[in-house]
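Below are some notes on the model you sent, arranged as numbered points. Please read them with the structure open beside the text.

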Amino acid sequence: MLSTRKLPEDWYQGTIPQNVHIDESCYVETTFSFSRYRSQEPVGVKLGKGASVYQGTMFDVGQKGRVSVGDYALLNGVWIMCD
């Protein structure tokens, strides 16, 4: 899992929420992808092994929302909305 909640060289000054589980082999381009994230679930987003999240992807996840992204998935410009 990701050891820091900030991303090096991120243009956005946000952080990845504590209840987002990211495999250590994942790539997340910017914390801006979580700027609309509000999940209060124990694991609101889970990113599988080797998954990639590029700029333009947004996790618009409500308080009771949960999202699971599979191994080796590539998200580019995707807006995921759930509640």
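1. How many positive and negative side chains does the protein chain have, and how far apart do the centres of the two sets lie? There are 8 positive and 9 negative side chains, and the two centres lie 7 Å apart. In this count Lys and Arg are positive and Asp and Glu negative, whereas His and the chain ends are not counted; the place of a charge is NZ of Lys, CZ of Arg, CG of Asp or CD of Glu.

2. On provenance, this is a predicted model, in which local features need pLDDT of at least 70 and side-chain atom pairs count only at pLDDT 80 or more, while totals for chains, interfaces and linings use all residues. Residues are numbered from 1 along each chain as its sequence is written, and side-chain values use heavy atoms, with hydrogens and water left out.

3. As to overall dimensions, the C-alpha trace of the protein chain spans about 30 × 25 × 25 Å along its principal axes. The radius of gyration of the protein chain is 11 Å, which agrees with the value near 12 Å that a compact globule of 83 residues would have; the radius is taken over C-alpha atoms, and the globule rule is 2.2 Å times the number of residues to the power 0.38.

4. The accessible surface of the protein chain comes to about 5000 Å², and 50% of that surface belongs to carbon and sulfur atoms; the areas come from the Shrake-Rupley method with a 1.4 Å probe, and for residues only the protein chains shown count as cover. Of the 83 residues, 42% count as buried, where buried means under 20% relative accessible area, exposed over 50%, and partly exposed in between (1.4 Å probe, protein chains only).

5. The protein chain has zero helices and eight strands, these being DSSP runs numbered from the N terminus (helices H or I, at least four residues; strands E, at least two). Three strands form an open sheet with parallel pairing, in the order β2-β4-β7. Because β2 and β7 (74–76) stand at the edges with a single partner strand each, one side of each is left without a neighbour in the sheet. Strand β4 (residues 52–54) pairs with β7 over three bridges in the parallel sense, pairing being assigned if DSSP finds at least two bridges between two strands, and Val 53 stands opposite Leu 75 in β7.

6. Leu 74 also lies in strand β7, and it counts as exposed at 55% relative accessibility. Leaving aside residues up to four places away in sequence, Leu 74 touches Ser 52 and Tyr 54, a contact meaning heavy atoms within 4.5 Å.

7. Where is Glu 41 placed, and is it buried or exposed? Glu 41 sits in the loop between β2 (27–28) and β3 (45–47), and with a relative accessible area of 19% it is buried. Its contacts, not counting residues up to four places away in sequence, are Asn 19, Gln 63, Lys 64, Gly 65 and Arg 66.

8. Two backbone angles deserve a look. Most residues other than glycine have a negative phi. Glu 9, in the segment before β1 (20–22), has a positive phi near 65° and counts as exposed at 82% relative accessibility. Tyr 72, in the loop between β6 (67–69) and β7, has a positive phi of about 65° although it is not a glycine, and it is exposed with a relative accessible area of 56%.
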